[in-house]
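Here is a short report on how two protein chains meet. Look at the structure, then read on.

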4 protein chains.
Amino acid sequence: MFFGSDNWAGVSPQVAEALSACTDGFASAYGSDDLTTQARDALGTFFDRDVDVFFTATGSAANMLSLSAVARPGGVVFAHRDAHILVDEAAGPESLVGMKLHALIGCQGRINAKELTEALATYPREHVHRGRGIAVSMTQGTELGTTYCVMDVAAIGAIARRNNLVLHMDGARFSNALVAQNVTPAAITHESGVDLLSLGFTKNGAWASEMVVSFREDLRDDLTYRQKAMGQVFSKNRFAAAQALAMLKDDHWKVLASHANGMAKKLSDGITNLDGCRLAAPTEINEVFAIIPQAMAQQLEDSGAIFADWPEDSAEADIAPGEGEMMIRLVASFATTDDHVDQFLDAAQRAEAA
Amino acid sequence: MFFGSDNWAGVSPQVAEALSACTDGFASAYGSDDLTTQARDALGTFFDRDVDVFFTATGSAANMLSLSAVARPGGVVFAHRDAHILVDEAAGPESLVGMKLHALIGCQGRINAKELTEALATYPREHVHRGRGIAVSMTQGTELGTTYCVMDVAAIGAIARRNNLVLHMDGARFSNALVAQNVTPAAITHESGVDLLSLGFTKNGAWASEMVVSFREDLRDDLTYRQKAMGQVFSKNRFAAAQALAMLKDDHWKVLASHANGMAKKLSDGITNLDGCRLAAPTEINEVFAIIPQAMAQQLEDSGAIFADWPEDSAEADIAPGEGEMMIRLVASFATTDDHVDQFLDAAQRAEAA
Amino acid sequence: MFFGSDNWAGVSPQVAEALSACTDGFASAYGSDDLTTQARDALGTFFDRDVDVFFTATGSAANMLSLSAVARPGGVVFAHRDAHILVDEAAGPESLVGMKLHALIGCQGRINAKELTEALATYPREHVHRGRGIAVSMTQGTELGTTYCVMDVAAIGAIARRNNLVLHMDGARFSNALVAQNVTPAAITHESGVDLLSLGFTKNGAWASEMVVSFREDLRDDLTYRQKAMGQVFSKNRFAAAQALAMLKDDHWKVLASHANGMAKKLSDGITNLDGCRLAAPTEINEVFAIIPQAMAQQLEDSGAIFADWPEDSAEADIAPGEGEMMIRLVASFATTDDHVDQFLDAAQRAEAA
Amino acid sequence: MFFGSDNWAGVSPQVAEALSACTDGFASAYGSDDLTTQARDALGTFFDRDVDVFFTATGSAANMLSLSAVARPGGVVFAHRDAHILVDEAAGPESLVGMKLHALIGCQGRINAKELTEALATYPREHVHRGRGIAVSMTQGTELGTTYCVMDVAAIGAIARRNNLVLHMDGARFSNALVAQNVTPAAITHESGVDLLSLGFTKNGAWASEMVVSFREDLRDDLTYRQKAMGQVFSKNRFAAAQALAMLKDDHWKVLASHANGMAKKLSDGITNLDGCRLAAPTEINEVFAIIPQAMAQQLEDSGAIFADWPEDSAEADIAPGEGEMMIRLVASFATTDDHVDQFLDAAQRAEAA
């Protein structure tokens with residue numbers, strides 16, 4: 001019953017095999033090898049246009065690389081207050097990017113046009129003391145397990161364009177969001193105004209397959225040098241490229257993400273059928289945010305279920321746990337099985353009955 | 001005839017197998033898993049004392065993590081002018097570490113006590129404008145294919161201790177240096193005054209196995225948070241740990257490094273037997289720095305040999321190439337075969353004869 | 001009717017005279033001159049203990065110097081959400097200090113023990129992703145014209161000590177706060193746990209007299225080098241020292257601040273007597289935050305009054321302007337006269353009557 | 001006999017008077033006042049074109065502001081190895097600018113086209129590891145008391161333009177250089193390719209009158225926000241503006257600099273007439289670099305002369321002091337009198353005779 005996070009899983013057999021397949025032979029270093037070229041091309045096909053690709057060790061690194069490449073003096077980055085860059089990167093963005101992070105409130109984990117517009121208005125051009133907006137960062141799927149539809153992204157994209165903001169998307173669970181929205185990668189990124197995407201395949205079944213995908217040729221040099229200066233250029237980059245290629249081949253990413261989303265949905269449905277349990281947000285990807293009785297949570301833990309207590313302060317007011325309740329996060333992955341889910345729901349039912 | 005760099009090779013079968021072996025199952029993320037604990041323990045055994053270990057994506061990252069964790073305002077880091085942090089990390093150290101890098105001249109790629117002492121004297125305590133020494137960084141084996149013996153390290157270590165400098169060692173080719181010096185890892189690091197080691201197994205036969213090994217408990221928190229803030233904490237860290245464990249098991253690192261060093265020695269011996277060729281520095285590890293006729297270099301390239309033209313400006317005055325000569329670098333790896341070396345030497349002999 | 005800010009005033013005759021008095025002669029540079037020594041000694045007397053003093057160009061610089069000297073990887077600084085470092089320094093603190101700024105809500109412009117304790121709890125030691133608390137910054141007088149009493153400071157100081165946080169005080173209007181609280185400088189700073197004080201005399205009647213006063217000898221080197229590395233060491237520092245000396249001589253600071261506070265009080269009293277006007281916070285120093293009818297604000301501006309429209313978003317919920325109202329800020333200075341205040345109140349009364 | 005530095009002097013009467021003249025009255029803050037506008041206009045006249053002006057506290061700050069506003073990832077700044085940014089700003093440029101400083105050797109304190117071109121060639125575009133050139137910084141007058149003529153500047157300017165480098169000039173002693181070269185400010189700056197000038201009047205007779213003068217409108221926003229984010233925007237900026245205006249009025253800067261240069265020349269001539277003394281570089285501005293017998297230096301110090309022992313390591317090989325000799329630096333200022341110089345030369349003659 002491992003629902004702690006999707007990064008508790010290992011790697012899919014296809015990814016492992018792809019990695020094994022490139023054990024031998026010589027290839028030039030630092031991303032000038034054939035596999036890396038193939039990966040870039042495959043990502044070009046995936047996004048239906050030429051792209052620049054910068055492999056990184058982690059999703060945090062992809063986020064910081066994206067933002068630091070576009071950083072300007074006095075810069076402000078707008079993001080949801082629960083965004084990874086704001087709460088889970090140990091002040092790295094402040095330190096490496098050197099820009100202010102402006103936390104937006106937005107329901108169900110999404111930033112929205114109204115909040116963003118109002119926030120921008122607090123940085124009037126004549127008032128240099130406040131700083132100036134440089135970028136906006138959206139998380140797709142969000143930190144509350146929801147997604148942005150194409151119209152949502154395009155609405156933010158339009159504001160970004162009007163205000164000369166770079167639009168960054170943190171896509172640590174981008175595959176899951178694509179499956180949920182059933183749209184093309186192009187439609188929900190560059191066609192909707194996204195400039196830079198932190199694309200992550202690690203949570204979806206790779207060892208370490210994270211990258212910045214850039215839809216902005218003019219940022220190529222800045223990203224290239226910043227990637228190097230951040231210590232993010234793998235010397236044997238074919239191991240990173242091989243993982244990305246395995247993910248893209250035959251839509252393997254989709255198979256894995258669909259499975260993970262499906263397992264989360266099953267979990268979610270089961271939980272909503274339990275007395276005293278409700279969802280904190282709709283289960284759109286592979287994460288379930290549920291509000292359950294504290295007693296039940298305790299019994300679930302006692303029976304070996306692994307999940308996260310979710311910090312109350314990151315919840316919207318209208319979904320705050322009540323007296324005797326708590327919010328938990330359950331994450332399914334490609335490696336989650338029907339059995340895992342059934343065991344969890346059985347344990348929950350026993351707890352309910354107790 | 002791939003002598004471009006040791007990072008052109010793939011991975012050793014043992015490393016590949018170790019990675020495959022942990023494909024399945026669930027493990028907690030961000031380095032709290034069992035394999036990571038085992039790797040830390042194995043490194044403790046390797047160094048004959050408790051150590052802290054911080055896995056990173058690259059050697060550059062390990063260097064920058066080490067130095068940024070100990071950075072202080074006005075700080076100066078002393079290193080050889082050919083050091084990786086000075087010439088191959090795209091101003092990352094300046095940007096992420098924020099300290100001045102003071103280039104030391106030192107023959108055969110080594111910094112020495114005299115140069116360091118003189119450099120320190122140019123930062124008198126009362127003259128705040130210049131800055132103050134904070135750290136010294138040695139590269140073991142050096143960027144000229146030589147190594148520091150225990151006495152060399154201890155001499156620098158003593159100066160560092162007297163001047164309250166952190167002693168960092170860049171060990172991108174630490175295995176090769178250990179084999180060359182035939183000493184224990186303990187003797188040439190913490191027993192000689194090294195505080196922080198960038199330990200790299202990538203060049204020696206892993207995909208991406210780089211880490212900071214800290215012999216200073218008091219730096220644990222700073223390294224821990226800085227690693228996170230630099231985007232250098234792999235979520236599925238067991239894949240990094242598995243590689244390190246494979247390297248340490250049954251002294252696999254030694255087998256690989258001994259082979260690479262041996263291949264370089266064979267190459268080196270062959271080159272010195274050629275008319276008009278000489279070494280720029282003794283071949284102590286898996287790198288050969290040779291001065292050869294430009295015509296020979298051209299013919300070698302034409303016959304498919306891959307090696308690096310080495311920048312003249314990084315050479316010591318007494319080993320500068322003469323008229324019609326050039327310096328080249330040849331690097332052997334675990335994957336280099338006798339055949340590769342023989343082919344190269346044959347081609348060189350043909351060039352000589354021509 | 002200049003109530004735009006206290007930094008719209010010039011300098012007091014005593015300060016101007018002190019500056020003129022040191023026009024001639026030679027003195028060693030960068031703060032090694034006699035006047036600077038005298039200023040340090042005079043500040044030692046002022047604070048009733050030895051202090052280190054680092055003159056800076058601006059209060060922003062003093063804040064950033066303080067925080068950057070104590071910055072650590074993954075660090076978090078707690079401050080009121082209206083604090084100058086958060087809203088008025090153009091992302092400088094993020095960029096130069098490299099730490100996360102955690103905004104605390106607290107009524108009447110003050111941070112409080114409860115909020116701080118709760119915020120600290122969201123940075124549990126085992127959860128490296130969030131970062132770690134390093135410092136807390138209080139503004140005395142606050143950005144809402146209120147002050148902290150000794151007990152307030154001591155309460156925060158106790159939490160800081162227990163949690164190993166550096167306690168910084170932004171004292172851009174420290175003189176005004178001292179007058180308001182009628183306590184000794186010692187009592188409300190180092191005796192209550194303050195480690196570093198940004199002490200500003202500029203707003204109180206100097207040209208540019210800002211400094212970091214440190215009560216922590218162990219931070220001397222870090223502050224010294226950071227001051228230099230930030231470009232904040234005046235070469236002819238006697239001009240800065242002379243201003244500080246003039247301010248301290250015969251309690252000149254107190255005379256000026258008492259006058260400014262008194263003018264603000266008169267203004268404040270007058271405003272509360274007007275129909276439809278109320279204070280957003282008690283007028284404790286030389287700033288008045290008032291909620292007045294929008295129509296009145298317009299008429300005041302038309303009659304030449306200069307004041308600031310205060311951003312609604314920085315106001316506490318219970319003092320938010322209602323329909324047809326707005327919040328304004330009026331600042332008195334040493335140069336404000338009874339006539340200025342009377343003219344303003346007359347204009348306001350005329351507006352009320354209209 | 002104060003020849004320690006030109007910043008040991010106070011301020012010229014005209015500057016002091018200008019400051020006193022603006023003691024009274026109210027003016028809007030942060031550089032939006034009339035005097036600041038007048039200063040910008042006066043500087044526009046001075047440079048014979050529209051300019052942007054950013055006042056700073058110190059010359060170091062002006063240098064760091066200039067370079068940090070144009071900083072890019074992986075960036076390299078080329079400067080003479082004796083440049084202030086390299087040796088006298090306590091690693092501030094590394095820390096605040098985040099770019100690598102590449103030290104150029106160049107005789108008589110000047111960088112030259114050949115050295116710069118060769119250095120640029122070591123940063124080939126395809127080799128991302130090294131970084132990329134972003135800016136070049138010249139010091140006018142140099143740190144060895146010499147100057148660049150218009151052709152010198154234009155030669156560097158042409159290289160800068162071809163290589164897309166920003167050309168920065170550190171003009172801490174710009175007035176002295178102007179007088180020495182007898183050219184217009186325009187000719188030796190923007191007309192020769194200079195983009196950003198750190199213009200300093202402090203050493204020439206102001207308290208603190210330093211500024212970045214920008215000839216590049218496209219950098220206005222970056223400079224504006226960076227100035228603020230560095231804590232370099234004086235709130236009562238009229239005091240800075242007043243000093244600059246006093247300097248520009250009736251060519252006051254020229255009167256002061258001509259006097260200082262003349263005093264240095266007299267000193268220089270006197271020294272070269274002494275047995276065993278010679279110049280390390282021609283005395284073109286207000287600084288004399290002389291190589292004198294150590295015994296003489298000692299006797300001069302004993303008789304109360306104040307000057308600086310100049311570090312040997314910053315001297316060119318052909319001007320290194322010989323056995324029993326040392327290099328000293330003597331700086332004249334607006335406040336240096338004929339008597340000072342005569343006393344010094346008398347004392348030197350007595351030492352010679354001894």
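## The contact

The contact takes 51 residues from chain A and 53 residues from chain B. Contact here means heavy atoms within 4.5 Å.

This is a predicted model: local features need pLDDT of at least 70, side-chain atom pairs count only at pLDDT 80 or more, and totals for chains, interfaces and linings use all residues. Residues are numbered from 1 along each chain as its sequence is written, chains are lettered from A in the order in which they are written, and side-chain values use heavy atoms, leaving out hydrogens and water.

## Buried area

About 4,100 Å² is buried between chain A and chain B. Carbon and sulfur atoms give 62% of that area. Buried area is the accessible area (1.4 Å probe) that two parts lose on being put together, summed over both.

Three residues stand out. F26(A), W207(A) and K236(A) supply 22% of the area that chain A buries against chain B, more than any other three residues.

## Bonds across the interface

How many salt bridges does the rule find across the interface of chain A and chain B? It finds zero. A salt bridge needs a side-chain nitrogen of Lys or Arg within 4 Å of a carboxyl oxygen of Asp or Glu.

## Symmetry

A rotation of 180 degrees, with 0.0 Å of shift along its axis, superposes chain A on chain B (RMSD 0.0 Å). In chain A, the C-alpha nearest the axis belongs to A57(A), 2.8 Å from it.

Key. Copies are superposed by least squares on the C-alpha atoms of residues with pLDDT of at least 70 in both.
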